[in-house]
Amino acid sequence: MTDNDVIVAEGVVKTYDDSGVPVHAIRGIDYTLAKGEFTAIIGPSGSGKTTFLNVLAGLDTPTEGEVWLSGKLISDMSGKELSDFRRDHIGFIFQAYNLFPVLTAEENVEYVMLLQGIPPGERHERVMAILKKVGIAEYAGRLPMQLSGGQQQRVAVARAMVSRPSLVIADEPTANLDSKTSGALLDMMRRLNEETGVTFLFSTHDEIVMKRARKIVVLRDGKIDGKASLEDC
Amino acid sequence: MLLKLAWRNVFRQKRRTILTLLTMTGGFFLSSLSIGWMDGSYSSIIMFFTNNRTGQIQVHCKGYLQSPSIYSTVNDYQAAGVFLDSIPGVRAWAPRIYSGALLAVRPRGAGSGNVFTNSAAASVIGIDPVMEEAASGFSSQIESGEMLSSSAADTSYSATGQIILGKELSIILEASAGDSLVMLTQAADGSSADRMYVIRGIVSTGNANIDRNTCYITLSDAQILFALQGKVHEIAVMTGSLGAVDELTAKISAGLSGENLETDSWKTFAREFYNGMKADEASLKVMIFVIVLVAAMGVLNTILMMVLERRREFGVMKAIGTRPGFIVRMIVLEANIMGIISVIAGGILSTAGLLFLSEHGFAMDPPLDYGGTVFREMIASITPECYWIPAICVIITASTVSFLPALKAAHTKAAKTLRTV
């Protein structure tokens with residue numbers, strides 16, 4: 001692993017055995033993601049995209065192999081260490097936005113900084129700055145249900161970015177959005193990537209996302225398929 | 001933020017929260033009312049029982065309570081009385097003599113000869129008419145005839161004495177006010193004694209067991225009859241309130257300790273009565289436990305539903321770095337917010353209910369017979385226990401019941417939840 005790498009995955013295998021029948025979601029992946037990249041992981045349904053992202057983010061432990069994130073071996077971390085590590089180093093954007101419905105946009109974004117123990121004054125300043133950057137500062141006081149899908153996803157982007165992580169992981173971020181909103185969201189994320197240097201890693205089916213990604217990794221049957229083309233997906 | 005999150009989460013599902021709040025508030029209300037009702041009933045019963053008969057505190061010769069004997073006397077009751085009068089909180093005191101006798105009544109229409117065929121054994125209580133009236137309001141219990149009077153005749157053995165019979169005893173003897181009876185007994189000096197009495201009145205103390213075998217003569221008469229001049233067996237002490245009894249008992253006991261006397265509260269000399277009340281208290285606890293259990297089921301159901309519905313949210317919280325402890329605290333706090341609201345609402349409702357019941361009470365129909373004492377009306381009392389016991393029960397229940405679901409939520413597997421929900 002070099003100083004320029006955000007993620008290094010070596011021989012990662014993930015097998016689920018929930019129902020007694022082993023399901024091989026990831027079948028041995030070696031992967032390196034460099035700092036500042038804007039990369040999309042694509043592949044057909046069931047190819048292991050989400051599982052791979054979960055393993056890389058430390059949400060799931062690999063059955064075999066190692067995952068290094070920002071120089072730390074996360075596959076061996078305890079639950080508490082992982083929790084703190086994710087809080088400080090990884091931002092998440094989910095397909096279904098997953099904002100807390102009882103908190104306003106501002107409070108949703110502020111939440112992670114609260115976990116980090118950042119003082120209230122600084123929290124407010126950073127929340128308003130990031131909301132301005134994602135273009136929804138005027139909706140700061142609204143609850144998620146009072147926002148459109150695109151606006152909610154912008155709040156989710158702001159929540160992911162506000163803690164100044166080294167990596168933002170987005171699982172199908174545009175799956176619930178129309179093409180125009182998806183395009184605008186991706187443009188905004190790409191701009192943030194360029195301005196802040198934060199690394200973005202997506203899983204997607206969406207051509208709009210693929211077109212805006214600087215790199216594309218194709219997953220098929222739990223493995224990186226080096227020969228696949230965009231048309232195959 | 002934790003409080004804000006918890007507060008807003010409580011009101012996410014308004015209908016369900018309101019139902020849960022109603023359950024918890026209802027639990028508080030019923031527990032509070034039960035306690036107030038029971039406290040009020042106990043206080044009524046105790047005050048009735050002690051004011052009418054026993055007093056709240058009694059002074060005896062040492063050992064008298066364990067083994068009552070005509071010889072175990074308070075020898076200088078006047079001196080003890082002076083001491084009692086000096087203690088604030090002592091409302092009144094009454095000296096008494098206890099003994100037994102055989103009573104015989106001449107049946108009506110039997111002429112003026114000495115034909116005393118209706119007889120019964122009875123407890124004889126010597127009372128000071130004035131002091132007894134001040135202490136127990138004895139005259140108010142007289143159903144027919146009139147109260148004993150302190151008269152010179154009491155000290156004249158040759159004259160006819162005056163006596164009051166318990167109502168049931170008068171029925172057994174077929175006697176009524178104005179009739180004559182003969183009392184046969186033995187005095188403390190071993191001599192046998194007999195005396196002629198005119199029945200001045202019939203008393204109904206409210207306790208049929210006592211009225212079945214008790215008669216009353218004046219203290220001075222009893223002292224002569226039983227050869228106990230200047231002595232009594234008991235000093236019954238009346239206090240202003242039940243709450244002061246233990247403290248006053250200790251004070252009196254300390255003040256009379258050198259006199260070969262012992263001082264006991266009603267909890268000791270009416271131990272069976274006291275134990276009966278304690279047993280009732282145990283049944284109250286069971287009732288409160290059942291009420292709390294029902295409320296707990298309601299809270300548990302709500303918390304479980306809440307946790308189940310929000311699994312994805314907990315998954316997201318975990319994913320973005322929330323520690324399990326935060327989630328546990330949040331859910332327990334949510335349950336406690338509902339608990340606190342219930343305590344406030346329940347407190348207001350209970351106050352209204354208790355105020356009503358303490359003013360109006362409930363008529364007991366049929367009347368409640370408690371150890372022979374009949375109670376026709378019960379009222380509730382408002383005590384701190386009416387509030388803090390249900391409040392603690394509600395808060396502890398909310399915390400306990402929410403803890404396990406909170407732990408379950410805190411250990412949500414983020415990846416699994418986000419994948420499957």
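**Salt bridges and helix packing**

Trainee: Which residue meets the side chain of B:Arg323 in a salt bridge?
Mentor: A salt bridge here is a side-chain nitrogen of Lys or Arg within 4 Å of a carboxyl oxygen of Asp or Glu. For this pair the distance is 2.4 Å, N to O. The partner of B:Arg323 is A:Asp84.

Trainee: What kind of model is this?
Mentor: Residues are numbered from 1 along each chain as its sequence is written, chains are lettered from A and ligands numbered from 1 in the order in which they are written, and side-chain values use heavy atoms, leaving out hydrogens and water. Local features need pLDDT of at least 70, side-chain atom pairs count only at pLDDT 80 or more, and totals for chains, interfaces and linings use all residues, the model being predicted.

Trainee: How many salt bridges are there between chain B and chain A?
Mentor: Over all chains, the count comes to 25 salt bridges. Between chain B and chain A, the number is three.

Trainee: What area do chain B and chain A bury between them?
Mentor: The contact (heavy atoms within 4.5 Å) takes 22 residues from chain B and 26 residues from chain A. Buried area is the accessible area, with a 1.4 Å probe, that two parts lose on being put together, summed over both. Of this area 64% is on carbon and sulfur atoms, and the total is about 2200 Å².

Trainee: Which residue forms a salt bridge with A:Glu110?
Mentor: The closest N and O atoms of the pair are 2.8 Å apart. A:Glu110 lies in helix H3 (residues 105-116) of chain A and its partner in helix H4 of chain A, so the pair ties together parts that are 13 residues apart in sequence. Helices are DSSP runs (H or I, at least four residues), numbered from the N terminus. The partner is A:Arg123.

Trainee: How are H4(A) and H5(A) oriented to each other?
Mentor: Helix H4 (residues 120-133) and helix H5 (residues 149-162) of chain A pack at an angle of about 130°, with their axes 9 Å apart. Axes are lines fitted to C-alpha atoms over the stretch in contact, and angles run from 0 to 180 degrees between N-to-C directions. Angles under 35 degrees count as roughly parallel, over 145 as roughly antiparallel, 65 to 115 as roughly perpendicular and the rest as oblique. H4(A) and H5(A) are therefore oblique.

Trainee: How are H2(B) and H10(B) oriented?
Mentor: Helix H2 (residues 14-54) and helix H10 (residues 271-309) of chain B pack at an angle of about 175°, with their axes 9 Å apart. That makes H2(B) and H10(B) roughly antiparallel.

Methods. Helices (H or I, at least four residues) and strands (E, at least two) are DSSP runs, numbered from the N terminus.
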